[in-house]
Amino acid sequence: MRVTLVCGLLGAGKTSFIMNLLKDSTERSVVLVNDFGSAGIDGRVVSSGGIETIELPSGCVCCSLKTGLLESIQKIAAEFSPEHLVIEPSGVASPSGVLEALSSVDPDVKFHMITVIGIIDASEYLELYDNDVYGRFFVEQISLSDIVIVNKTDLADRPTTDSTIALIRKVNPLAKIHEAVGGKAEADLSGIKGSGMRATIRAEHHFGFGTFSFRPRGELPYVFVESLFADMSAGIYGKLVRAKALINTDRGPFRFDLAWSTTNAAPFEPGVSENLMVVIGNDIQHDNLSRLFGGGLALRHDT
């Protein structure tokens, strides 16, 4: 099977890109989703599009879940025998760590091609780079990518997008670069190709973010959840870099997102069988968040 590794920083748009990539595919495809939080929201979003999805939540595949990643790949190969395996590692996972893990898969599992696609948020990336938020992680992600998708160009002006592309070309002159809105690239990527099994250096540890995941009970007012995400964006509940939720509201089921300072909400047509929320960052105000929901059940609190 061929493997596509879709990497990107927290909130860059990896899940939306994968759904668009596989929407009209005629190949037997399986997506292996690694969600940093224990709620496993990304896996539910991908599977809502009718795509076969395997979840590997509650950790990072480049370190604590490396064994789980290997076991999952071998299980997928044996039970599904897909033509195309798409791996979506957590936004805090090191791409080189995932590639290193792939090189350790049982020799009976054959990869005929591995393609690395990096997803970049055009509205945030330059600021994060200039402030050295991710350091070497930035260089590694871009330098290992065969294709770089500059996403969310609708949220960035033209000079910002052009400067982002120029920075990418400086780091990796060989990468193919495509612009995208909402994870949908302007170019047809159905024939994407990458290198074979590549040599990689040992990855650095991922970032020390904490997570807090919980299941709020009942139907919630839409304006309450919308206001909560605005408050989280403003730093009221800690230094959050990411928050996401699937919630039954009084306006119907919705998917809520926070990526750095940007928030949005969209109807979730498949419906929400159980409310789920996860926040990622530092100095998370767990008690204050729990009190907001009264009977909300905390699932996991990691550091």
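Student: What makes glutamate 179 count as buried or exposed?

Tutor: This is a predicted model, so every value is computed from it. Glutamate 179 has a relative accessible area of 16%. Buried means under 20%. Therefore glutamate 179 is buried.

Student: How do you know that glutamate 179 and arginine 158 form a salt bridge?

Tutor: Their side chains meet at 2.6 Å, N to O. The limit is 4 Å between a side-chain nitrogen of Lys or Arg and a carboxyl oxygen of Asp or Glu. The value lies within that limit, so the pair is a salt bridge.

Student: Which parts of the chain does this pair link?

Tutor: Distant ones. Glutamate 179 sits in strand β7, and arginine 158 sits in helix α7. They are 21 residues apart.

Student: Why is arginine 158 called partly exposed?

Tutor: Its relative accessible area is 42%. Buried needs under 20%, and exposed needs over 50%. Arginine 158 falls in between, so it is partly exposed. Aspartate 162, at 37%, is partly exposed by that rule too.

Student: What makes arginine 158 and aspartate 162 a salt bridge?

Tutor: Their closest N and O atoms are 2.9 Å apart. That is within 4 Å, so the pair qualifies. Both residues belong to helix α7, which covers residues 158–171. They are four residues apart there, which means a separation of about one helical turn.

Student: Which residues are linked in a network of salt bridges?

Tutor: Arg158, Asp162 and Glu179. Arginine 158 pairs with aspartate 162, and arginine 158 also pairs with glutamate 179. By this rule the count of salt bridges comes to nine.

Student: How do you know that lysine 239 and aspartate 283 belong in that count?

Tutor: Their closest N and O atoms are 3.7 Å apart. The cut-off is 4 Å, so this pair passes. Lysine 239 is in strand β10 (residues 239–249), while aspartate 283 is in the loop between β13 (276–282) and α9 (286–292). The two are 44 residues apart. Lysine 239 has 58% relative accessibility. Exposed means over 50%, so lysine 239 is exposed.

Student: Why do β7 and β8 count as paired?

Tutor: Pairing needs at least two bridges. β7 (residues 176–181) and β8 have two, so they pair. The sense is antiparallel. Valine 181 stands opposite lysine 184 in β8. The two strands form a hairpin with two residues between them. In the turn, glycine 182 has a positive phi of about 60°.

Student: How do β6 and β7 pair?

Tutor: In the parallel sense, over four bridges. At least two are needed, so this pairing counts. Valine 148 has isoleucine 177 in β7 as its bridge partner. β6, α7 and β7 make a right-handed β-α-β unit.

Student: What makes β3 and β8 edge strands?

Tutor: The open sheet has eight strands, in the order β3-β2-β4-β1-β5-β6-β7-β8, with mixed pairing. β3 (52–55) and β8 (184–185) each pair on one side only.

Student: Why is α4 called mostly covered?

Tutor: Eight of its eight residues are buried. They include Pro95, Glu100 and Leu102. Helix α4 (residues 95–102) packs on the sheet and touches β1, β4 and β5. Its direction makes about 160° with that of β1.

Student: Which residues have the most contacts inside the largest nonpolar core?

Tutor: Leu32, Ile73, Leu85, Ile87, Leu102 and Phe111. That core has 23 residues. The elements giving two or more residues to this core are β1, β2, α3 (66–79), β4, α4 and β5. Apart from it lies another core of 21 residues, among them Phe212 and Ile247. In soluble globular proteins, nonpolar side chains tend to be buried together.

Terms used: Residues are numbered from 1 along each chain as its sequence is written. This is a predicted model: local features need pLDDT of at least 70, side-chain atom pairs count only at pLDDT 80 or more; totals for chains, interfaces and linings use all residues. Side-chain values use heavy atoms; hydrogens and water are left out. Contact means heavy atoms within 4.5 Å. Axes are lines fitted to C-alpha atoms, for helices over the stretch in contact, and angles run from 0 to 180 degrees between N-to-C directions. A nonpolar core is a set of buried Ala, Val, Leu, Ile, Met, Phe, Trp, Tyr and Cys residues joined through side-chain atoms within 4.5 Å. Buried means under 20% relative accessible area, exposed over 50%, partly exposed in between (1.4 Å probe, protein chains only). A crossover is right-handed if, with the strands pointing away from the viewer, the path from the first strand over the helix to the second runs clockwise.
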